[in-house]
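Here are my notes for your first walk through this model.

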Amino acid sequence: MKECTFCKIYKERKGIIYENENFFARFDRFPVSPGHTEVIPKRHFASFFDLNKQEWENFKPAISEVIETIEKTDLKKVYQGFIDQPLNEKSADFCKKILELDYINKKPDAYNIGLNEGEAAGRTIDHLHIHIIPRHFGDVEDYIGGIRHIIPGMGNYRK
Ligand SMILES: [Zn+2]
C-alpha cells in the first residue's frame, strides 16, 4: 500500500513551515497564488468532521499563525528553491508562473480558506488538509463570488 503523502511529509519533516501541537503546514507545491499553504493535522484522518476536541481548539490558532508565517516569508526565495529542486515538471511550471507575479512578496489583501470535504468536492488525498490561498486585488479580473467559482460559470451572482 502506498504511504499517505502527508504522513510521509510529516515523518520526514520536509518543508514544514509551521507546527503546533496538532497541526503542521507546508507550502503547496502546485501553488494557486503566492504563499498558498496547506494546514494538515498530524493525526491521519480524512474528514473535517473527525477533528477531535483538542484538534478543534488548536485549529484556529494554526490558521492564524500560518497566515502570519506566510506574510513574514520571502516567497521569491521559496519558489526559486522549488524550481531549483523540482518535485516534477508540472510543479516547476506552477512555481515559475508564481515567480513572474509582481505582487509575489506584497502583503496579501485577503485569503480564501477552504477544504475539499469528500471526493466529489475534489479531495485526492485522504488526509485532511485545509488550503490557505492568499489573494490580491487584481489577481483575477473580477473577484466577486470568490469560492463560488468552483462551479465554473456560477461564481458571479452580480453579472
Ligand atoms: Zn496521512
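Which residues of β3 lie on one side and which on the other, and are they buried or exposed? Keep that in mind; point 4 comes back to it.

1. **Before you start.** Please remember that this is a predicted model, where local features need pLDDT of at least 70 and side-chain atom pairs count only at pLDDT 80 or more, while totals for chains, interfaces and linings use all residues. Residues are numbered from 1 along each chain as its sequence is written.

2. **The overall layout.** The protein chain contains four helices and five strands. Helices (H or I, at least four residues) and strands (E, at least two) are DSSP runs, numbered from the N terminus. Their order along the sequence is α-β-β-β-α-α-α-β-β. The radius of gyration, taken over C-alpha atoms, is 16 Å, close to the 15 Å that the globule rule gives for 159 residues, so the chain is as compact as a globular protein of that length. That rule is 2.2 Å times the number of residues to the power 0.38. The C-alpha trace spans about 40 × 40 × 30 Å along its principal axes.

3. **The sheet.** Find the five strands, which form an open, antiparallel sheet in the order β1-β2-β3-β5-β4. Its edge strands, β1 (16-19) and β4 (110-114), each pair on one side only. On average, neighbouring strands are turned by 25° against each other, direction ignored. Here axes are lines fitted to C-alpha atoms, for helices over the stretch in contact, and angles run from 0 to 180 degrees between N-to-C directions. Two strands count as paired if DSSP finds at least two bridges between them.

4. **Strand β3, and our question.** On one side of β3 are T37, V39 and P41, on the other are E38 and I40, and all of them are buried. A residue is buried if 20 or more other C-beta atoms lie within 10 Å of its own, exposed if 12 or fewer, and partly exposed in between, with C-beta atoms placed from the backbone. Five bridges link β2 (residues 23-27) and β3 (residues 37-41), which run antiparallel. F23 has P41 as its bridge partner, and F27 stands opposite T37. With β5 (residues 130-135), β3 pairs in the antiparallel sense over three bridges; there V39 stands opposite I130.

5. **The nonpolar cores.** A nonpolar core is a set of buried Ala, Val, Leu, Ile, Met, Phe, Trp, Tyr and Cys residues joined through C-beta atoms within 7 Å. In soluble globular proteins, nonpolar side chains tend to be buried together. The largest core in this model has 15 residues, and those with the most contacts inside it include F24, V39 and I132. At least two residues come from each of α1 (5-12), β2, β3, α2 (53-72) and β5. α2 gives the largest share, four residues. Apart from this core lies another of eight residues, among them F27, V78, F94 and C95.

6. A25 sits in strand β2. It counts as buried because it has 25 C-beta neighbours inside 10 Å. Leaving out residues up to four places away in sequence, A25 touches I17, Y18, T37, E38, V39, I40 and V66. Two residues are in contact if their C-beta atoms, placed from the backbone, lie within 7 Å.

7. Which residues of helix α3 (residues 75-84) are buried? They are L75, V78, Y79 and F82. These cover an arc of only 85° around the axis, which puts them on the same side of α3. The arc is that of the directions from the helix axis to the C-beta atoms. On the other side of α3, K77 and D84 are exposed. The buried residues of α3 pack against β2 and α4 (89-99).

8. Look in the loop between α1 and β1 for R13. R13 has a positive phi of about 55° although it is not a glycine. It counts as exposed because it has 10 C-beta neighbours inside 10 Å.
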